[in-house]
Amino acid sequence: MQRIRLRYTKRGRLRFTSHRDFQRAFERALRRAEVPMAYSAGFTPHPKVSYANAAATGTGSEAEYLEIALTEARDPDKLRELLDESLPTGLDIVDAVEARTSGLADRLTASVWELRLEGVAPEDARRAVDIFNAAETVEVQRLAKNGMRTFDARGPVEGLEAFEAGVEAGVGTNGETYSPQPDRPTDQPCAILRLVVRHVTPAVRPDDVLSGLRAVADLAPPVPVGVTRLAQGLFDEETGTVTDPLAPDREAAVALSMATSTAAASQAPA
């Protein structure tokens, strides 16, 4: 059985697609592309697809992940092209690797988010971010299943900065290997926040950070904030970046290819 890991996006109007809607669309794409899927056992077999930490409805993303199990081996790049052609524009399959390591979900320990604050001046956003970053704790409240819950929105935040649309931020992803570009509806001047946050329990979401900015600095955007996940992966303590979770599979594939080539060369007649 072959396992393939895919990275996909939610762009434009498709950011309003729920996770269940995406699941249905993806399973239709698997059938259209005639992918030799492995199925679960039982009375209602379903394709073996594992989803990891999907973004909320209404949130754009450049870095959603899933894993599929196949009964026959397929080239990951060709499979990516077939699936991408079978999905609507906006739900795009942008990367594919053969799974050669374990624990993809365990490598999704942090996310990089972009928050587009229409109607907010960059200098006001920078002032609010400075106040937030200087605070030891920022308590916010969120309605949970068991009622209103209070928690710290500051602790899991590893990086937060403000800049103007069109100016690159300095925190977030490893620029050499993993720097997806945000899906922005317009290029009109406004404040942009770049947020790096660890995945903890309870999860601290971008809207929680916005609540914290409102609480400590009275930052209240006049229109709904556009939120896009730029990356998710393993947080690197040394560099303060979020690394590509598919990189270990690529590295394992290269190591296997080199080992195979070396073995073949050693067995060749002199």
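Predicted model: local features only at pLDDT ≥ 70, side-chain atom pairs only at ≥ 80, totals over all residues.

Trainee: Let us start with strand β10. Is it enclosed or open, and why?
Mentor: Strand β10 covers residues 191-198, and seven of its eight residues are buried, so the rest of the structure largely encloses it. Buried means under 20% relative accessible area, exposed means over 50%, and partly exposed lies in between, with a 1.4 Å probe and protein chains only. Strands (E, at least two residues) and helices (H or I, at least four) are DSSP runs numbered from the N terminus.

Trainee: How many bridges join β5 and β10?
Mentor: Strand β5 (residues 110-117) pairs with β10 over eight bridges in the antiparallel sense; two strands pair if DSSP finds at least two bridges between them. Within this pairing, S111 has V197 in β10 as its bridge partner.

Trainee: And how many join β8 to β10?
Mentor: Seven bridges join them, and strand β8 (residues 157-164) runs antiparallel to β10. Here F163 has I192 of β10 as its bridge partner.

Trainee: Turning to charges, how many salt bridges does the structure hold?
Mentor: There are 18 salt bridges, each defined as a side-chain nitrogen of Lys or Arg within 4 Å of a carboxyl oxygen of Asp or Glu. One of them joins E67 to R3, with the closest N and O atoms 3.1 Å apart. That pair links distant parts of the chain, since E67 is in strand β3 (residues 60-70) and R3 is in strand β1 (residues 2-10), 64 residues apart.

Trainee: Which other partner does E67 meet?
Mentor: The side chain of R5 also meets E67 in a salt bridge, at 2.6 Å from N to O. R5 lies in strand β1 and E67 in strand β3, so this pair ties together parts that are 62 residues apart in sequence.

Trainee: How accessible are E67 and R3?
Mentor: E67 is buried, at 14% relative accessible area, whereas R3 is partly exposed, at 31%. R5 is buried, as is E67.

Trainee: Which residues are linked in a network of salt bridges?
Mentor: The network links R3, R5, E67, R107 and D249.

Trainee: What forms the negative surface patch?
Mentor: D75, D77, E81 and E85 form it. Patch residues have over 30% relative accessible area and no salt bridge; like charges are joined within 9 Å, and nonpolar side chains (Val, Leu, Ile, Met, Phe, Trp, Tyr) within 5 Å. E85 is in helix α2 (residues 76-85) and is exposed, with a relative accessible area of 65%.

Trainee: Now the backbone: which peptide bond is cis?
Mentor: The bond from T201 to P202 is cis, with omega near 0 degrees. P202 lies in the loop between β10 and α4 (206-217).

Trainee: What is the phi of E34, and where does E34 lie?
Mentor: E34 has a positive phi of about 55 degrees although it is not a glycine. E34 lies in the loop between α1 (19-32) and β2 (49-52), and is exposed at 67% relative accessible area.

Trainee: And the phi of D218, what is that?
Mentor: D218 has a positive phi of about 55 degrees and is not a glycine. D218 is placed in the loop between α4 and β11 (226-236), and counts as exposed at 64% relative accessibility.

Definitions and conventions. Residues numbered from 1 in each chain as written. Heavy atoms only, no water. Areas by Shrake-Rupley, 256 points an atom, 1.4 Å probe, with all protein chains shown as cover. Lys, Arg positive; Asp, Glu negative; His and termini not counted. Charge placed at Lys NZ, Arg CZ, Asp CG, Glu CD.
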